[in-house]
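Please work through the exercises below with the sequence and the structure at hand. Each task is followed by a solution in steps.

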Amino acid sequence: MAVKIVRQPKKIALIGAPSSAAAFSMGSEKAPAALRTAGLAEKLQAAGYEVVDHGDCAPRLFADDDEHRRARNLAEIVAGLNDLKVRAELAVKSGGLVLVLGGDCAQVIGLLTGARRYHKHVNLLWFDRDADLNTPASTPSGRIDGMVVAHINRQGRARTGAFLERGPVGARTDVTLFGLERLDPPEQEFLAKSPMRHIHAGDIQSKGASKAAHEALAQVHADAREFVLHLDVDVIAQDDFPAVNVPGSGGLRFDDVRASFIEFVKHKNLLGLDVAQYNPIRIPMAAAQRRLLIFSSKRFPRASKRWLRPR
C-alpha cells in the first residue's frame, strides 16, 4: 500500500551504525558514541532542528577473517545492514532527513535499502576519495569497504548480491563519485569503460567547491529524483583531519569539503546521508569531534516542504 510522506525540513532522524566489520581496522565502530558524547544532537537542536533518535544498531566489529579472504566478515556485515535497514525504513517514513552515524562505508547500503521501501528510484552521491569499485575477484584486501560502490552497481554479486537483490534495493542505482583521488588499476579500468559519472579532487579544487558540487548534483539528477549522500571523512586532507582508518597524502582541504557538503545537504531531494570512517582512536577525540561538529551548522539541512508520493 502506498504511503504518503510529508517531508519535514526541521526534523532529523538520527541512527547510529557502530560498525568496523567492513573496514580496514578497528575504531570506526566507536564513532557514533563519540559524536553523541560530543553533543551532535544538542548542537542540531540548538540550531533549531527537532532530532528524533532511532538508537544504535548492534556493534559489528573488525576481524581479519582469513577464512574468507575475498569477502571478509560478510555474515556480520549483512546482519548489520539488515539491522540498519529496519531503522532506516522507520526514519524515512517519519519525513525527517535521515542521518546515519557510521561506522564503515558499507552502512550506506542499509540506508539505501531502507529508503527504497518508500521511494522507487534513489540515487547515490558518493563523497569519498576512494571509488570502492573493487569486487571479490579484484580486491587486494578482501575488505568490503573497498567494494561498496561495485556492490551497489551490481558487480561482484556472487559473493554479496544476496542482500542487495532482496527487496527494493535490487533496482539499479545511479551513482556519481565526487572527490576521487585514489584508484586501484581495476577501478581505473572500470571507470574508463563505464558511463558512471565521477569528479576528481583536483577538478573540485580548480573549479571551486560550490561550483563542482552543483555539477555533481546535476549528474546525480538531484532535481528530478531523491538521492542519498555518503560522506567518507577520509576525503579530507590528512593535515586537516587525520582521524580516519586509511589516511593518505593529498585530499581536499576541510573548507572545500564543508562548502561542497553544504550545497549537498540543502538540496530539497536529499533523503538521507551517512558519515563514515571517523576513527576516534586515531587522535585525541576532542580535536576531531570539533572538526566534524562544524558540519552541523544552521544551514544543515534545508529540506523541501513538498509532499512526496512514494510508489
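**Conventions**

The model is predicted, so local features need pLDDT of at least 70 and side-chain atom pairs count only at pLDDT 80 or more, while totals for chains, interfaces and linings use all residues. Residues are numbered from 1 along each chain as its sequence is written, and side-chain values use heavy atoms, with hydrogens and water left out.

**Exercise 1. The whole protein**

Task: State how many helices and strands the protein has, and what percentage of its residues is buried.

Solution. 
Step 1. The protein has eleven helices and ten strands.
Step 2. Burial is judged by relative accessible area: buried is under 20%, exposed over 50%, and partly exposed in between (1.4 Å probe, protein chains only). Of the 311 residues, 59% are buried.
Step 3. A contact means heavy atoms within 4.5 Å. Among contacts with a separation of 6 or more, 78% join residues 24 or more positions apart.

**Exercise 2. Helices α3 and α4**

Task: Describe how α3 packs against α4, giving the angle and the distance between axes.

Solution. 
Step 1. Check the length of α3. The expected span is 1.5 Å times one less than the number of residues. The 20 residues of α3 should therefore span 28 Å, and this agrees with the 28 Å between its end C-alpha atoms.
Step 2. Take the geometry. Axes are lines fitted to C-alpha atoms, for helices over the stretch in contact, and angles run from 0 to 180 degrees between N-to-C directions. Helix α3 (residues 74-93) packs against helix α4 (residues 107-115) at about 40 degrees, with the axes 7 Å apart.
Step 3. Classify the angle. Under 35 degrees is roughly parallel, over 145 roughly antiparallel, 65 to 115 roughly perpendicular, and the rest oblique. The two helices, α3 and α4, are therefore oblique to each other.
Step 4. Assign the hand. A crossing is right-handed if the near helix is turned clockwise from the far one by less than a right angle, and left-handed if anticlockwise. The α3/α4 crossing is right-handed.
Step 5. List the contact. G80, L81, L84, K85, A88, E89 and V92 of α3 meet Q107, I109, G110, L111, T113, G114 and A115 of α4. Seven of these residues are nonpolar, five polar and two charged, where Ala, Val, Leu, Ile, Met, Phe, Trp, Tyr, Cys and Pro count as nonpolar, Asp, Glu, Lys and Arg as charged, and the others, Gly among them, as polar.
Step 6. In α3 the buried residues are I77, G80, L81, D83, L84, A88, E89, A91 and V92. In α4, nine of the nine residues are buried, so this helix is largely enclosed by the rest of the structure.

**Exercise 3. Helices α9 and α10**

Solution. 
Step 1. The crossing of α9 and α10 is right-handed.
Step 2. From α9, the residues A209, S210, A213, H214, A216 and L217 meet D256, A259, S260, E263 and F264 of α10. The contact of α9 with α10 comprises six nonpolar, three polar and two charged residues.

**Exercise 4. Backbone exceptions**

Task: Locate the cis peptide bond and the positive phi values of D65 and D132.

Solution. 
Step 1. Most residues other than glycine have a negative phi, and most peptide bonds are trans.
Step 2. The cis bond joins G102 and G103, with omega about 5 degrees. G103 lies in the loop between β4 (97-102) and α4.
Step 3. D65, not a glycine, has a positive phi of about 45 degrees; it is in the loop between β3 (50-56) and α3.
Step 4. D132 has a positive phi near 55 degrees and is in the loop between β5 (122-127) and α5 (148-152). D132 is buried, at 7% relative accessible area.

**Exercise 5. H200**

Task: Is H200 exposed, buried or partly exposed, and which residues does H200 contact?

Solution. 
Step 1. H200 is in strand β7 (residues 197-200). At 31% relative accessibility, H200 is partly exposed.
Step 2. Leaving aside neighbours within four places in sequence, H200 contacts G179, L180 and L183. H200 and G179 are 21 residues apart in sequence and 4.9 Å apart in space, C-alpha to C-alpha.

How values were computed: Helix = DSSP H or I, 4+ residues; strand = E, 2+ residues; numbered from the N terminus.
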